[in-house]
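Me: I'm new to this and would like to learn how to read a protein model. Can you walk me through some features, one at a time?

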Amino acid sequence: MKLEHIGVVVHDLEAAKAFFTALGLELEGEASLKGDTVDRLTGLEKVRTDIAMLRPPDGHGGVELIKYQAPSRDGHSRVPMNTPGIRHFVFSVEDIEDVLERLRAHGGELVGELVQYEDSYRLCYVRGPEGITVELAEELVRREA
């Protein structure tokens, strides 16, 4: 088994794409979806979506950003980190401060602080567009492959 991708519903597809490409993901493709198959899959009626698939440079996994044109729904995007449900994605990065600055240029906000965990990692949570939160993890001591 392998994780193919994570789907994230957003209001502002362009802002979310900019945030994830600043993080280092690459846009694989975009599409608009509608029709009976999409309605049956989602359990909704008259669905119209725009999607963007982004993948990390290593090609493993990915993030599918989904903007529903119809039906519309409002949601809360700034829930606390301890709210049950999926709260964040973790990305291993090479230079955490550089990535953090790139994300700030696209609306990223530090949730807490950039911290060091023992002698192994530097870590932080960054909240981006739509309240999407990513954890950045910079490994301090590289493990041998």
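Reply: Glutamate 101 and arginine 104 both sit in helix α3, three residues apart, about one turn of the helix. Helices (H or I, at least four residues) and strands (E, at least two) are DSSP runs, numbered from the N terminus. Before we go on: this is a predicted model, where local features need pLDDT of at least 70 and side-chain atom pairs count only at pLDDT 80 or more, while totals for chains, interfaces and linings use all residues. Residues are numbered from 1 along each chain as its sequence is written, and side-chain values use heavy atoms, leaving out hydrogens and water.

Me: What do the side chains of glutamate 101 and arginine 104 form?

Reply: A salt bridge, meaning a side-chain nitrogen of Lys or Arg within 4 Å of a carboxyl oxygen of Asp or Glu. Here the N to O distance is 2.7 Å. By this rule the count comes to nine salt bridges.

Me: Are lysine 17 and glutamate 14 buried or exposed?

Reply: For that you look at relative accessible area: buried means under 20%, exposed over 50%, and partly exposed in between (1.4 Å probe, protein chains only). Lysine 17 is buried at 10%, and glutamate 14 is exposed at 52%. Their side chains meet in a salt bridge too, 3.0 Å from N to O. The two are three residues apart in helix α1, so about one helical turn separates them.

Me: Which parts does the pair of arginine 55 and glutamate 4 tie together?

Reply: In that salt bridge, the closest N and O atoms are 2.5 Å apart. Arginine 55 lies in strand β3 and glutamate 4 in the segment before β1 (6–9), so the pair ties together parts that are 51 residues apart in sequence. Arginine 55 is buried, at 13%, and glutamate 4 is partly exposed, at 35%. A network of salt bridges links Glu4, Glu28 and Arg55.

Me: Which residues touch the most other members of the largest nonpolar core?

Reply: A nonpolar core is a set of buried Ala, Val, Leu, Ile, Met, Phe, Trp, Tyr and Cys residues joined through side-chain atoms within 4.5 Å. The largest one here has 25 residues, and Phe20, Leu23, Leu65, Phe91, Leu103, Val134 and Leu136 touch the most other members. α1 gives the most to this core, with six residues.

Me: What does leucine 103 touch?

Reply: Contact means heavy atoms within 4.5 Å. Not counting residues up to four places away in sequence, leucine 103 touches Phe19, Ala22, Leu23, Gly108, Val126, Val134 and Leu136.
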